[in-house]
Amino acid sequence: MACPDELTLDLWLADALPSDEAAAVASHVHTCAVCTAAQQTARGLDGELQAALALDEQELAFLSGLELATTWRTSQRTAGALAWGWIALAGVVAGFAAWLVAAPLFGSVVGAAAQIGLGTVLLNVALEVGFGFGQALLEVIRNPALGLSQPVLALFALALLVWPRHLIPQRSTSA
Amino acid sequence: MAIIELSRDSTQHLVQQSRAGDESAFAALVEAHQSAVFGTVLRLVYDREVAAEVSNRAFFKAYEHLASFDESRPLRAWLLRIAANEALNELRGRRRDAAHTLGGAEAEIELEQLSGAPDPGEILARRERSDAVRDAVNRLPETQRVVVVLRYFADLAYADIAELTQQTVNNVGVILLRARERLRRDLETQGVATDGLP
């Protein structure tokens, strides 16, 4: 048998050849100095790569600290968080769909709110309530049937008399 | 770190218990295979934190799909297949710069000296050469790197690698030959002696 090519020799070394072919290669390599040398070189390389890639002390210490036998379950929580994300997305899509269905039903209200602006509506309502309350109070005071005009004016005058003077702003004088 | 070797019967028993929902049985399987899984992932993603995360994910995935595991086949190869796939998915997702990892060579030398190794100069030379080979492996194209790691770290047979990477056994051999040739050229460029390489 002639010397096997590099791939055949490599497959033979890795026990990846069919048994009959492997036997032929083996019998040749035992009698061929070139193939024996190639075999030794390949085994040396295998050993070198295995040694270089093996986990070193630091990596083994890091692995010990990981406690994978207990922490592998934590992926469940990640999976759970992912599920919540999908639920939230489904909620948003469902809300959008509901909005699309409901929008025509409340179209006029939504249109008015959009045109005026929600802030304007709220301010208007607040001012109306405030002015309404003040007007009602004045009407109660002025009502002659109740006779509250004079006493209220007298109370107001008294209030001005006892009003603390230091609360009235003074004009400053230069020295 | 002690590596636990499980017999075939023990593995089968633990697999059956895990399938029945016994998480402590699966934890024993994790204990036995964590070094192979973590190491394979680490050599592929080249980052310890990421490797830890991916290993966790791989074990969880394995637990979830344990029903599909063929008990006539070795569990180790099945776990490594899941781990390698997860690592490759991670790489495809991140495409990160592989430059950062693994605290300095000095720290490792200190560790080796503590364990009684004699000559710091020799340790440094050996460490530097190992680092150079690792870096060269890391620079290989993805197809070659996966096969090199599965062969030389995970110690999988060509047939298992072929099944895992969905190629023929001959193709695996060709990829390994090309990878070794590329490693030799790369190491020569880096000025590292390549006695063992073709």
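Reader: Leaving out neighbours within four places in sequence, what is B:Ala36 in contact with?
Author: In this predicted model, B:Ala36 is in contact with B:Arg76, B:Leu80 and B:Ala154, once neighbours within four places in sequence are left aside. Two residues are in contact if their C-beta atoms, placed from the backbone, lie within 7 Å.

Reader: Where does B:Ala36 sit, and is B:Ala36 buried or exposed?
Author: B:Ala36 is in helix 2 of chain B. It has 20 C-beta neighbours inside 10 Å, so B:Ala36 counts as buried. The cut-offs: buried takes 20 or more other C-beta atoms within 10 Å of a residue's own, exposed takes 12 or fewer, and partly exposed is in between, with C-beta atoms placed from the backbone.

Reader: How are residues and chains labelled, and what are the confidence limits?
Author: Residues count from 1 along each chain as its sequence is written, while chains are lettered from A and ligands numbered from 1 in the order written. The model is predicted, so to speak of local features takes pLDDT of at least 70 and side-chain atom pairs count only at pLDDT 80 or more, while totals for chains, interfaces and linings use all residues.

Reader: Ok, back to the fold. How many helices and strands in chain B?
Author: Nine helices and zero strands. These are DSSP runs numbered from the N terminus, H or I of at least four residues for helices and E of at least two for strands. Buried residues make up 37% of the 198 residues in chain B.

Reader: How do helix 2 and helix 7 of chain B cross?
Author: Their axes come within 10 Å and cross at roughly 155°. Axes are lines fitted to C-alpha atoms, for helices over the stretch in contact, and angles run from 0 to 180 degrees between N-to-C directions. Helix 2 of chain B and helix 7 of chain B are therefore roughly antiparallel to each other, a label for angles over 145 degrees.

Reader: Which residues make that contact?
Author: B:Thr40, B:Arg43 and B:Leu44 from helix 2 of chain B, with B:Arg145, B:Val146 and B:Val149 from helix 7 of chain B. By class, that contact has three nonpolar, one polar and two charged residues. Ala, Val, Leu, Ile, Met, Phe, Trp, Tyr, Cys and Pro count as nonpolar, Asp, Glu, Lys and Arg as charged, and the others, Gly among them, as polar.

Reader: And the largest nonpolar core, how many residues?
Author: It has 56 residues, and B:Val37, B:Val41, B:Phe59, B:Val147, B:Val149 and B:Leu150 have the most contacts inside it. Helix 2 of chain B gives the largest share of this core, 12 residues. A nonpolar core is a set of buried Ala, Val, Leu, Ile, Met, Phe, Trp, Tyr and Cys residues joined through C-beta atoms within 7 Å.

Reader: What about the contact between the chains, how many residues from each?
Author: Chain B puts in 42 residues and chain A 35 residues. On the chain B side, helix 2 of chain B gives the most, with 10 residues. That side has 24 nonpolar, nine polar and nine charged residues.

Reader: Switching to chain A, which residues of helix 1 are buried?
Author: In helix 1 (residues 6–13) of chain A, the buried ones are A:Leu9, A:Asp10, A:Leu11 and A:Trp12. They pack against helix 2 (19–29) and helix 3 (33–53) of chain A, together with helix 9 of chain B. Just after helix 1 of chain A, A:Asp15 takes a positive phi of about 55°.

Definitions and conventions: Angles under 35 degrees count as roughly parallel, over 145 as roughly antiparallel, 65 to 115 as roughly perpendicular and the rest as oblique.
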